[in-house]
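Biologist: I'd like to learn how to read a model like this one. Could you walk me through it, one feature at a time?

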Amino acid sequence: NLRWDSDLRKYYDRLYKAVVYTILGTLILYVIILNLTIIECISILAWGFPFVKFYVSFNNAMNNDETRLTALKNKANNIMHNVGMVRDGEGLICLEIDLQNKLYEHRKKAVLIPDFIYKLFRNKQQKNEENIANNHRTQS
C-alpha cells in the first residue's frame with residue numbers, strides 16, 4: 001500500500017512537471033517567435049509567474065508527502081522485523097495502531113492524486129505488486 005502510494009505520487013509528479021514545463025516553454029517560445037518588445041515580453045511572461053508559484057507549492061507538498069511516506073515505510077519495516085522479537089503482544093499492537101494513525105494522518109494531509117493517474121498505471125502497479133508477492137512466497 002505504501003509502495004503503491006509512493007509510486008503513484010512519483011508518476012503524478014512527473015506528469016505534472018511535464019505539463020508545467022510545457023506551458024512555461026510555450027510562453028517563452030511564443031515571446032521569442034513573435035519578437036516582442038521588452039514591455040510585451042514582461043506582460044506575457046507575467047502569465048507564467050502563477051504557474052511557477054503553484055509549481056513551487058505543489059513541489060513542496062509532494063516532497064512533504066514523500067518524506068512522510070518514507071517515515072511510514074521505515075516504521076512498517078521496523079514492525080515487520082520486530083514481530084518475532086517482541087515478546088509483549090500489546091506492545092506490538094500499540095506499534096501497529098500508531099502506524100495506522102500515522103497512515104490516516106498522511107492520507108488527510110497528502111496531495112490528492114487524480115483518479116485517471118491511478119487508472120492509467122493500475123495494471124502496471126498491480127503486476128509489480130503480484131511479482132513482489134510471488135517473490136515473498138518463493139523465499140518462504
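**Reading the model**

Modeller: Let's start with Y21, which counts as partly exposed because its relative accessibility is 49%. Buried means under 20% relative accessible area, exposed over 50%, and partly exposed in between, with a 1.4 Å probe and protein chains only. Before we go on: this is a predicted model, where local features need pLDDT of at least 70, side-chain atom pairs count only at pLDDT 80 or more, and totals for chains, interfaces and linings use all residues. Residues are numbered from 1 along each chain as its sequence is written, and side-chain values use heavy atoms, with hydrogens and water left out.

Biologist: What share of the 140 residues is buried?

Modeller: Buried residues make up 25% of them.

Biologist: How do I read the radius of gyration?

Modeller: It's taken over C-alpha atoms, and the globule rule is 2.2 Å times the number of residues to the power 0.38. A compact globule of 140 residues would come out near 14 Å, but this protein has 22 Å. Along the principal axes, its C-alpha atoms fill a box of roughly 75 × 30 × 20 Å.

Biologist: What about aromatic pairs: how many are there?

Modeller: Rings of Phe, Tyr and Trp (its six-membered ring) pair if their centres lie within 6.5 Å; planes under 30 degrees apart count as stacked, over 60 as edge-to-face and the rest as tilted. By that rule the count is 7 aromatic pairs. One of them is W4 with Y118, stacked at 6.1 Å centre to centre with 25° between the planes. This pair links distant parts of the chain, with W4 in helix α1 and Y118 in helix α5 (residues 115-139), 114 residues apart. W4 counts as buried because its relative accessibility is 17%, whereas Y118, at 32%, counts as partly exposed.

Biologist: Why is the pair of Y21 and Y55 tilted?

Modeller: Their ring centres are 5.8 Å apart and the planes sit at 50°, so the pair is tilted. Y21 is in helix α1 and Y55 in helix α3 (residues 48-82), 34 residues apart. At 15% relative accessibility, Y55 counts as buried.

Biologist: Which residues form one aromatic cluster?

Modeller: That would be Y12, Y16, F54 and F58.

Notes: Helices (H or I, at least four residues) and strands (E, at least two) are DSSP runs, numbered from the N terminus.
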